[in-house]
Amino acid sequence: MPLTLFDTMSRAQRELTPLDGSTYRFYACGPTVYGPAHIGNFRTFVLQDLFRRVLELGGTPTKHVRNLTDLDDKTIRVSQEQGQTLTDFTRHWTLLFHADCAALHCLPPHIEPSAVEHIPHQVRMIEELIAKGHAYAAPDGSVYFKITSFPDYGRLSRVKERELKQGASVSDDEYEKDTLGDFALWKARKPEDGPNFWPAPWGEGRPGWHLECSAMIREYLGDTFDLHSGGVDLVFPHHENEIAQSECCADSGHHGFAAHWFHITHLLVDGKKMSKSLGNLYTLADLAAKGYTPEEVRYVLTAAHYRAQLNFTFDSLDGARQALAKIARAERALAARAGQDAAPSYESLIGQDPGPFAPAWTALNHDLNTAETLGHVFTALKALKPDALTPAEALAAWRGLHLILAAFGIVLPQEKADEVPAEVRTVAEARWAARNAKDWAESDRLRGELDTLGWTMKDGREDYTLTRK
RNA sequence: GGCGGGGUAGCCAAACGGUAAGGCAGUGGUUUGCAAAACCACCAUUAGCGGGUUCGACUCCCGCCUCCGCCUCCA
């Protein structure tokens with residue numbers, strides 16, 4: 001079943017097939033490593049991960065390239081403010097980003113190039129663009145892309161004649177540009193950049209932000225590749241500028257850059273855009289401090305369709321916990337009936353027949369409609385009665401369920417047995433004995449005692465469970 | 001102002017020109033010494049507002065209201 005996905009450029013849903021006939025090669029704009037990524041950033045990265053999983057599990061291998069922006073205004077400014085070298089500074093935030101991605105069960109990209117390690121590639125592109133008449137050096141040593149030299153400029157964002165928002169001021173670090181829309185390929189060295197400058201034929205400085213992606217795509221994916229992805233905010237100007245740079249550089253001429261554009265809509269928090277001033281900007285660490293797991297966060301991020309604004313609330317996080325627990329119970333029942341223990345590996349699920357979860361798999365392959373998919377999952381789980389299935393039927397259903405879970409990157413909560421202190425265990429045993437002797441008064445008194453100790457005791461038929469409050 | 005995406009039950013959120021999935025919460029029941037958990041059942045005659053097209057619209061068209069995003073380095 002081919003995956004169909006909405007394409008920003010053509011504004012239509014299109015089937016995804018690898019240009020080279022075998023591997024689907026895509027590029028995702030990565031994080032700027034100058035601070036902790038927030039859950040809004042992670043919506044994008046988690047959805048890109050889900051996208052990749054659906055492709056791979058459907059039988060299409062991928063080549064996933066995602067950059068690290070470690071060289072831009074923010075990384076330079078903040079590292080300077082903190083008296084750190086750019087390298088030390090960005091390494092710190094890169095490590096945290098990787099830890100967060102791992103916690104969210106995102107597959108690592110196959111290649112993760114960094115901007116600062118590809119300066120020669122960027123310089124080379126600028127030289128080509130100047131030679132072809134698409135760029136010019138300003139007197140101060142900055143180089144700009146000349147948008148009037150690229151008639152297609154604005155095709156992706158459909159903004160031909162861009163107008164400055166009323167009252168918007170042109171920032172004072174804009175140098176001498178021919179036209180307002182021209183953007184920097186190279187930014188001349190400034191005193192506040194500190195030691196962060198590099199030599200170039202037109203003077204010391206550093207590459208402009210948009211250029212890094214173009215240069216690294218060219219290096220790792222070539223002039224033409226399958227898909228480019230990022231948050232909606234990148235449509236303009238970042239992706240528009242990338243198209244201009246890359247297509248003007250490419251030997252093949254125009255229209256050959258990304259064959260498909262996949263943009264993920266922003267996350268809202270309590271109905272508003274996240275911002276520090278509103279106090280609604282959350283990182284994974286913030287949510288962990290409130291007791292939420294990365295799995296619960298991932299569930300919320302993937303539960304809504306990627307092209308709709310997702311309103312992130314703590315209620316939805318609580319709901320995610322219950323929903324995951326519900327899936328986990330059903331999974332255990334199926335696993336038991338199927339005689340399975342550990343979850344099947346990701347690799348073993350490639351090409352898996354979804355079985356009773358076929359409607360879910362179909363919905364997922366239809367423009368990644370995750371919300372509809374989950375609806376089908378719960379409907380199917382409700383219809384399945386594990387005890388009425390043969391072990392073979394249970395196995396098929398169990399593997400079908402795991403296909404969907406693998407695509408979502410859902411890792412089910414384990415039944416974790418809390419370490420029970422001996423003192424608590426003693427009281428619990430006493431209560432269990434009292435209860436079995438039908439001494440309700442003593443039983444309730446001991447339960448109260450456990451409560452004081454910070455433990456909750458729940459009675460089962462054969463046994464009891466103790467959980468920390 | 002330009003471009004774009006939304007407004008569906010208490011919350012989150014889908015589908016569909018043919019009469020509203022699913023999750024959470026809630027309610028009733030089964031079970032339980034009680035409880036918790038679990039399981040079963042119920043839970044929008046109604047879709048921001050007003051028109052229109054149609055045998056029939058939440059779904060298509062028009063107008064309005066409203067929320068959100070981008071408009072030079074923000075996922």
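## A first look

Residues 24 or more positions apart make up 77% of the contacts in chain A that have a separation of 6 or more. Please keep in mind that this is a predicted model. Chain A has 469 residues, and 51% of them are buried.

**Overall layout of chain A**

- The C-alpha atoms of chain A fill a box of roughly 95 × 50 × 40 Å along the principal axes.
- You can count 14 helices and 15 strands in the secondary structure of chain A.

**Around RNA strand B**

- By type, the residues of the surface near RNA strand B are 16 nonpolar, 20 polar and 22 charged.
- Helix H11 (residues 370-383) gives the most to this surface, with seven residues.
- Looking from the RNA side, 61% of the atoms of RNA strand B within 4 Å of the protein belong to sugar or phosphate, and the rest belong to bases.
- The side chain of Asn41 has an N or O atom 3.2 Å from a sugar or linking oxygen of RNA strand B.
- For His305, a polar backbone atom is 3.2 Å from a phosphate oxygen of RNA strand B.
- A base is involved at Asp459, where an N or O atom of the side chain is 2.8 Å from a base nitrogen of RNA strand B.

- After H5 comes Gly222, with a positive phi near 90°.
- Helix H12 (residues 391-408) has 18 residues, which at 1.5 Å a residue should span 26 Å; its end C-alpha atoms are 26 Å apart, so the two values agree.
- H12 is mostly covered, with 13 of its 18 residues buried.
- Gly409 follows H12 and has a positive phi, near 70°.

- Glu56 is part of helix H1 (residues 39-57).
- Is Glu56 buried or exposed? Its relative accessible area is 11%, under the 20% cut-off, so Glu56 counts as buried.
- Leaving out residues up to four places away in sequence, Glu56 touches Thr62, Leu107, His110, Tyr346 and Ile350.
- Val269 belongs to strand S11 (residues 267-269).
- Val269 counts as buried because its relative accessibility is 1%.
- With residues up to four places away again left out, Val269 touches Ile39, Met274, Asn280, Tyr282, Asn311 and Phe312.
- Val269 and Gly279 are 10 residues apart along the chain, and their C-alpha atoms are separated by 9.9 Å.

- Most residues other than glycine have a negative phi, and most peptide bonds are trans.
- The peptide bond from Phe236 to Pro237 is cis, with omega near 0°, and Pro237 lies in helix H6.
- Leu368 is not a glycine, but its phi is positive, near 50°.
- You will find Leu368 in the loop between helix H10 (358-365) and H11.
- Leu368 is buried, because its relative accessible area is 0%.
- Lys438 is not a glycine either, and its phi is positive, about 60°.
- The loop between helix H13 (422-436) and helix H14 (440-453) holds Lys438.
- Is Lys438 buried or exposed? Its relative accessible area is 60%, over the 50% cut-off, so Lys438 counts as exposed.

Note on methods: Residues numbered from 1 in each chain as written. Chains lettered and ligands numbered in written order. Predicted model: local features only at pLDDT ≥ 70, side-chain atom pairs only at ≥ 80, totals over all residues. Heavy atoms only, no water. Near = heavy atom within 4 Å. Polar contact = N/O pair within 3.5 Å; in protein donor to acceptor, adjacent residues only side chain to side chain. Helix = DSSP H or I, 4+ residues; strand = E, 2+ residues; numbered from the N terminus. Nonpolar A, V, L, I, M, F, W, Y, C, P; charged D, E, K, R; others polar. Expected span 1.5 Å × (residues − 1). Buried < 20%, exposed > 50% of the residue type's maximum accessible area, 1.4 Å probe, protein only. Contact = heavy atoms within 4.5 Å.
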